[in-house]
Amino acid sequence: MQNVNESIKFFINLSKTQSILSDRFDRGLGGLSFNEFLILFYLVRSENQKMRRVDIADKVGLTASGVTRILLPMEKVHLIESGPVEDDARVRFVGITEAGEEKLKEALDRLEILAEEIISPDKKEGLKNLSDLLIEIGGRVLMN
């Protein structure tokens with residue numbers, strides 16, 4: 001087998017790490033999956049705390065139908081609400097509810113604890129550079 005260069009090793013390790021972290025976050029966010037957390041996170045940061053489903057899908061990195069499957073149970077437990085967009089009744093918005101904001105705050109607290117467990121203090125200095133690299137690789141959809 002031929003040797004693998006450092007860039008390819010990085011992407012392989014990044015993929016495996018994402019899988020491990022997603023699983024760990026799914027178990028540690030107080031009943032939210034990591035994708036549900038991301039949806040609430042992006043909603044609370046959006047204009048009027050509302051987004052179209054396709055925009056959520058773009059931010060989270062899922063298909064629109066994948067996001068719809070996640071949103072249905074979230075709406076049933078009142079973490080989000082949906083309704084028509086004022087300018088176009090064919091398009092529906094998704095908004096965060098007060099209960100969703102509370103659940104997000106709880107999840108952020110839990111995520112801070114998980115981050116402290118996962119990232120040792122001596123490694124935190126390099127996080128900005130790594131984050132900048134991921135933004136460069138991922139492009140416009142990643143958070144600055």
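Helices (H or I, at least four residues) and strands (E, at least two) are DSSP runs, numbered from the N terminus.

## Model and confidence

This is a predicted model: local features need pLDDT of at least 70, side-chain atom pairs count only at pLDDT 80 or more, and totals for chains, interfaces and linings use all residues. Residues are numbered from 1 along each chain as its sequence is written, and side-chain values use heavy atoms, with hydrogens and water left out.

The score pLDDT is the predictor's confidence in each residue, from 0 to 100. The chain averages 88. A score of at least 70 is reached by 94% of the residues. Where pLDDT is low, the predicted coordinates should not be read in detail.

Side chains of opposite charge can pair when their charged atoms come close. A salt bridge is a side-chain nitrogen of Lys or Arg within 4 Å of a carboxyl oxygen of Asp or Glu. The whole structure holds 8 salt bridges.

Helix α5 spans residues 98–118 and contains both K105 and E102. These two residues sit 3 residues apart, about one turn of the helix. They form a salt bridge, and their closest N and O atoms are 3.7 Å apart. How accessible are they? Three classes apply: buried (under 20% relative accessible area), exposed (over 50%) and partly exposed (in between), with a 1.4 Å probe and protein chains only. K105 is partly exposed, at 47%. E102 is partly exposed too, at 48%.

E106 and K103 are another pair in helix α5, again 3 residues apart, about one turn of the helix. Their side chains meet in a salt bridge of 3.9 Å, N to O. E106 is partly exposed at 33% relative accessibility. K103 is partly exposed at 21%. A network of salt bridges links K103, E106 and R110.

Helix α6 covers residues 127–138. D132 and K128 are separated by about one helical turn, because they are 4 residues apart in this helix. Their side chains meet in a salt bridge of 3.0 Å, N to O. K128 counts as exposed, at 55%.

## S82 in strand β2

S82 belongs to strand β2 (residues 80–85). Its relative accessible area is 19%, so S82 is buried. Which residues does S82 touch? Setting aside residues up to four places away in sequence, S82 touches R53, E75, R92, F93 and V94. Contact here means heavy atoms within 4.5 Å.

Two of these neighbours also make polar contacts with S82. A polar contact is a pair of N or O atoms within 3.5 Å; within protein, one must be able to donate a hydrogen and the other to accept it, and residues adjacent in sequence count only if both atoms are side-chain atoms. The side chain of S82 meets that of E75 at 3.0 Å. It meets the side chain of R92 at 3.4 Å.

## S120 in a loop

S120 lies in the loop between α5 and α6. S120 is partly exposed, with a relative accessible area of 30%. Its side chain joins that of D122 in a polar contact of 2.6 Å. S120 and G31 are 89 residues apart in sequence. In space, they are 26 Å apart, C-alpha to C-alpha.
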